[in-house]
Amino acid sequence: MEQSRRDFLMGTAWMGAAAVAAGCMSQSAALGSGVGAPMHGFRVAPMKRVRVGFIGIGSRGRAAVRRIALIPGVEVTAICDINPTRLAESRNWLKEKGFPPAREWGKTEDDWKGLCDWEGVDVVYSCTPRPLHCPINVYAMSVGKHVMQEVPGVFDLEECWATVEAAEKYRRHCYMLENCVYGEYEMLAFNLIKKGMLGEIVQAEVGYTHDQRALQYNPRDGVFWRIKRHQTHHGNYYPTHGLVPAGKCLDINRGDRFDYLVSMETKSASFETYGRAKFPASDWRHNAKMVKGDVNTCLMRTVNGKVLQLTHNVCTPTPYDRGNKYLGTKGTIRGIKDESYQICFETETGDKGAEKFFDAQRAQEVREMYKHPFWKTAGDIAKKVGGHGGMDFIMDLRWVYCLQNGLPMDTDVYDLATYSSIVELSERSVNAGSRPIEFPDYTRGGWKTAKPFTVEEFDISKFDFSTRPIAADKAQQKV
Ligand SMILES: NC(=O)c1ccc[n+]([C@@H]2O[C@H](COP(=O)([O-])OP(=O)(O)OC[C@H]3O[C@@H](n4cnc5c(N)ncnc54)[C@H](O)[C@@H]3O)[C@@H](O)[C@H]2O)c1
């Protein structure tokens with residue numbers, strides 16, 4: 001899989017020009033030119049008071065405002081949305097709960113820049129449609145703000161480089177809000193793997209299977225940004241939910257890295273069948289044609305010889321699933337949402353302890369014994385607040401904790417770029433008849449010396465929750 005960096009950059013040069021033209025990146029930052037010091041282990045001085053400005057307070061952003069407002073030491077100082085209904089919703093909620101009013105932006109499409117410029121914001125929390133992610137990352141960091149960005153962090157390789165280089169140049173965090181990293185199951189798998197119970201992991205099988213036919217054909221507010229992508233591109237445009245937890249288990253960018261991927265796609269059938277069945281011939285959705293096939297599958301091989309299988313399927317009628325299967329030299333774990341944890345491992349190599357999955361009682365014992373420290377300490381509070389079973393709140397508590405205590409973020413800008421790359425790399429592979437496509441190394445060799453991920457402790461007693469009574473919130477998302 002040798003492809004020189006120069007070949008790689010030459011092959012994508014036209015996209016750099018497009019991104020510059022779009023105002024997403026500067027010419028000097030184009031094409032991975034390496035403008036700053038490495039960001040591995042990057043930390044800032046402890047920030048006891050964290051002032052957060054939100055851009056995009058639709059489904060995801062509205063729920064985030066309500067979680068963030070509950071975290072001691074954090075203030076929601078600004079909100080921005082071009083939809084006045086969404087602004088009113090969060091404004092009213094803050095007022096009803098007795099929080100100070102947030103300053104508002106959203107009169108024009110790029111009014112969000114005013115929020116980024118304002119000195120009353122330390123952190124920009126972005127939950128906009130995906131095309132805005134990179135412009136917000138780059139602009140917000142250029143004016144000195146840390147960025148918490150929804151998934152996927154960016155959308156193509158030029159945006160990946162632009163975001164990496166802005167973080168290196170302006171020395172700001174750019175953290176991807178991948179909530180599934182903090183799922184109870186995902187953290188159990190991580191803990192078991194890091195404790196060596198499954199031996200060396202050789203393959204992970206993960207993904208995102210979520211029947212979104214109703215959501216994509218009937219979006220909230222009538223804005224069809226999700227399905228537009230489906231209509232115009234091949235590839236996995238939403239790769240991170242299964243991928244980032246698996247990448248942490250495989251120490252991607254921390255001693256190993258993705259070398260190349262191949263990607264294959266089925267034909268497109270389910271969305272179009274749905275459109276024809278649900279909408280009259282007079283409605284554009286009746287005959288809407290899709291480019292992306294129903295199921296996209298990527299296989300990624302790491303430099304150290306591990307394989308990650310990644311699925312994306314948002315259109316066939318099938319239960320929600322993130323795959324969540326890990327195969328190691330001593331055992332296996334597989335988690336099915338709302339159902340079971342299938343676990344088995346050998347105590348000694350070759351003792352055949354992994355010939356069948358543990359029974360329910362043993363699985364439960366293992367689940368308790370290897371519960372991740374984050375869930376031990378913050379699980380009760382997180383479940384009470386809600387948000388995908390509590391993982392959304394643990395994610396937010398954790399990045400705030402890292403900022404308040406001057407720690408590095410759990411994942412960094414190189415991770416954001418690596419995982420977001422799959423959007424473009426998978427499309428290029430599909431378009432090339434599933435040809436292998438090489439990954440860029442955003443760390444520029446730093447992955448070789450970066451320390452592997454570890455199971456961190458989380459001292460939740462540092463948050464004084466007496467100042468922010470925790471309560472269940474119906475706006476938090478379930479799926
Ligand atoms: N982590 C998760 O579990 C999860 C789940 C769903 C969506 N997401 C991600 O969250 C992001 C938002 O998704 P959503 O479901 O909340 O979408 P949404 O359409 O409900 O909300 C997006 C909001 O952004 C606003 N907006 C659009 N353009 C804007 C602009 N120029 N300035 C200010 N506001 C603008 C819209 O008015 C809308 O209120 C997406 O990137 C998506 O991929 C993540």
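Let's start at the ligand. It has 24 residues around it, and R60, D81, E109, R130 and V151 come nearest. Keep in mind that this is a predicted model.

What is the make-up of that shell, by nonpolar, polar and charged residues? Eight are nonpolar, nine are polar and seven are charged.

Take R226. One of its polar side-chain atoms lies 2.9 Å from a ligand oxygen. At T128 the backbone does the work: a polar backbone atom there is 3.1 Å from an oxygen atom of the ligand. E150 faces a nitrogen instead. An N or O atom in the E150 side chain is 3.2 Å from a nitrogen atom of the ligand.

How much of the ligand does the protein cover? On its own, the ligand has 850 Å² of accessible area, and the protein covers 91% of that.

Where does the ligand sit? In the largest pocket. Two elements give two or more residues each to the shell: helix 3, residues 59-68, and helix 10, residues 225-232.

Next, the domains. Domain 1 is 5-32 + 43-178, and domain 2 is 181-373 + 412-441. Both give residues to the shell, so the ligand lies between them.

On to the backbone. Most peptide bonds are trans, and most residues other than glycine have a negative phi. Here are two departures.

First case: V151 and P152. A cis peptide bond joins them, with omega at about -20°. V151 is also one of the residues that come nearest the ligand. P152 is in the loop between strand 5 (146-149) and helix 7 (157-170).

Second case: N253. Its phi is positive, near 70°, and this is not a glycine. N253 also has its place in a loop, between helix 11 (240-249) and strand 8 (258-265).

That's the tour. Questions, please.

Terms used. Residues numbered from 1 in each chain as written. Predicted model: local features only at pLDDT ≥ 70, side-chain atom pairs only at ≥ 80, totals over all residues. Heavy atoms only, no water. Near = heavy atom within 4 Å. Polar contact = N/O pair within 3.5 Å; in protein donor to acceptor, adjacent residues only side chain to side chain. Areas by Shrake-Rupley, 256 points an atom, 1.4 Å probe, with all protein chains shown as cover. 1 Å grid on protein atoms, 1.4 Å probe; cavity = no way out; pocket = protein on both sides within 12 Å on 5 of 7 lines; lining within 4 Å. Sits in = over half its atoms within 2 Å of the grid points. Helix = DSSP H or I, 4+ residues; strand = E, 2+ residues; numbered from the N terminus. Nonpolar A, V, L, I, M, F, W, Y, C, P; charged D, E, K, R; others polar. Domains from an automatic or database assignment.
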